[in-house]
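Work through these exercises with the model open beside you. Try each task before you read its solution.

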Amino acid sequence: MIGIIGAMEVEIQGLKAMLPDAQTTTISGIDFVTGTLRGTPVVMAVCGVGKVFAALCAQTMILRFPVQAIINSGVAGTLSRELGIGDVAISSDVVQHDMDTSPLGDPVGLISGPNVIHIPANQELAELVEETVKSMDRHCVKGTIATGDQFLCQTERKNWIHETFGAIAGEMEGGSIGQVCYVNQIPFVIIRTISDDADGNAPADFPAFVEKTAKAAIEITAAVVEKYQAE
Ligand code: ADE
């Protein structure tokens with residue numbers, strides 16, 4: 001079974017509609033919908049926005065459903081000149097840009113305990129996503145995806161995240177889902193279609209493009225799930 005998590009309804013609703021046999025189990029206020037997506041058993045959920053909801057959802061999914069891997073699908077702001085609206089960011093790894101114990105002498109972004117900054121995504125899954133996106137004639141870049149509890153809309157912050165972590169896209173859940181998967185040894189990948197520039201235009205562009213770009217992420221995720229099963 002593959003787990004699929006989106007932060008917002010618009011990032012998941014199109015996938016739910018593809019299940020001929022959907023069944024819902026509600027846990028901690030989150031609906032977990034199981035069914036068959038293009039021949040593969042899946043469980044999908046709308047986790048809500050931000051790192052706490054994303055972690056709660058990923059951990060519950062792992063404990064309550066037999067997931068072999070988790071895909072986080074949705075939209076992101078670009079942090080790279082190589083990615084424009086409608087292009088696709090694929091995680092090689094994730095970081096949390098708002099994790100900061102640097103006053104204690106740690107490097108910024110360090111997750112104490114496992115003592116890592118960059119958490120690697122599953123490389124086979126990331127390559128499968130890359131192949132799939134290319135076969136759909138969409139531009140994509142594989143790299144670091146940065147997560148934090150902030151909607152990014154300022155040049156200074158955007159540039160700092162890009163320069164500090166080498167990140168290509170910014171969003172609010174992937175790093176948290178990655179951390180939960182890492183400690184549970186569950187393979188994961190983040191697929192994010194670019195909805196805005198994470199800069200001054202983001203507050204206007206996000207609502208204008210979120211629906212269309214989320215739809216593209218859904219199509220990619222469905223194609224990846226289909227291929228994953230075939231492999
Ligand atoms: N998701 C989509 N756009 C975003 C942005 N600019 N900041 C954080 N998360 C996002």
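A residue counts as buried when its relative accessible area is under 20%, and as exposed when that area is over 50%. Keep these cut-offs at hand. The model is predicted.

**Exercise 1. Is R192 buried or exposed?**

Step 1. Take the value for R192, which is 2% relative accessibility.
Step 2. Compare it with the cut-off: buried means under 20%.
Step 3. R192 therefore counts as buried.

**Exercise 2. Which side chain meets R192 in a salt bridge at 4.0 Å, and how many residues apart in sequence are the parts that the pair ties together?**

Step 1. The partner is E11, with 4.0 Å from N to O.
Step 2. R192 lies in strand β10, residues 188–196. E11 lies in the loop between β1 (2–6) and α1 (13–16).
Step 3. The pair therefore ties together parts that are 181 residues apart in sequence.
Step 4. Check the burial of E11. Its relative accessible area is 1%, so E11 is buried.

**Exercise 3. Which other residues belong to the network of salt bridges that includes E11 and R192?**

Step 1. Look for another bridge from R192. The side chains of R192 and E173 meet at 3.1 Å, N to O.
Step 2. Check burial. Both R192 and E173 are buried.
Step 3. Complete the network. E171 and E173 are linked with E11 and R192 in it.

**Exercise 4. Where does E130 find a salt-bridge partner, and how many salt bridges does the whole structure hold?**

Step 1. E130 pairs with K134, and their closest N and O atoms are 3.5 Å apart.
Step 2. Both residues are in helix α3 (residues 123–135). They are four residues apart, so about one helical turn separates them.
Step 3. The count for the whole structure is eight salt bridges.

**Exercise 5. What lines the largest pocket?**

Step 1. Start with its volume, about 220 Å³.
Step 2. Count the lining: 19 residues. The closest to the centre are V75, F151, E171, M172 and F206.
Step 3. Find the elements. Those that give two or more residues to the lining are β5 (69–78), β9 and β10.
Step 4. Sort the lining residues by kind. There are 10 nonpolar, four polar and five charged.

**Exercise 6. Which residues come nearest to the ligand?**

Step 1. There are 13 residues around the ligand. The nearest are G77, Q150, L152, E171 and D196.
Step 2. Look at the backbone atoms. A backbone N or O atom of G77 is 3.3 Å from a nitrogen atom of the ligand. For L152, a polar backbone atom lies 2.8 Å from a ligand nitrogen.
Step 3. Turn to a side chain. An N or O atom in the side chain of D196 is 2.6 Å from a nitrogen atom of the ligand.

**Exercise 7. S28 has a positive phi; is S28 buried or exposed?**

Step 1. Phi of S28 is near 50°, and S28 is not a glycine.
Step 2. S28 is in the loop between β2 (23–27) and β3 (30–37).
Step 3. Its relative accessibility is 57%, so S28 counts as exposed.
Step 4. A198 has phi near 55° and lies in the loop between β10 and α6 (202–230). At 1% relative accessibility, A198 counts as buried.
Step 5. Just after α5, Q185 takes a positive phi of about 55°.

**Exercise 8. Which residues of α5 are buried?**

Step 1. Walk along the helix. The buried residues are G174, G175, S176, I177, G178, V180 and C181.
Step 2. Now visit strand β10, where T193 lies. T193 is buried, with a relative accessible area of 0%.
Step 3. End with a distance. T193 and F32 are 161 residues apart along the chain, and their C-alpha atoms are separated by 23 Å.

Conventions
Residues are numbered from 1 along each chain as its sequence is written. This is a predicted model: local features need pLDDT of at least 70, side-chain atom pairs count only at pLDDT 80 or more; totals for chains, interfaces and linings use all residues. Side-chain values use heavy atoms; hydrogens and water are left out. Buried means under 20% relative accessible area, exposed over 50%, partly exposed in between (1.4 Å probe, protein chains only). On a 1 Å grid over the protein atoms alone, a cavity is a set of points where a 1.4 Å probe fits but cannot get out, and a pocket is an open set with protein on both sides within 12 Å along at least five of seven lines; lining residues have an atom within 4 Å of a point. Grid points are joined across faces, edges and corners, and a volume is the space filled by probe spheres set on the points. Ala, Val, Leu, Ile, Met, Phe, Trp, Tyr, Cys and Pro count as nonpolar, Asp, Glu, Lys and Arg as charged, and the others, Gly among them, as polar. A residue is near a molecule or strand if one of its heavy atoms lies within 4 Å of it. A polar contact is a pair of N or O atoms within 3.5 Å; within protein, one must be able to donate a hydrogen and the other to accept it, and residues adjacent in sequence count only if both atoms are side-chain atoms.
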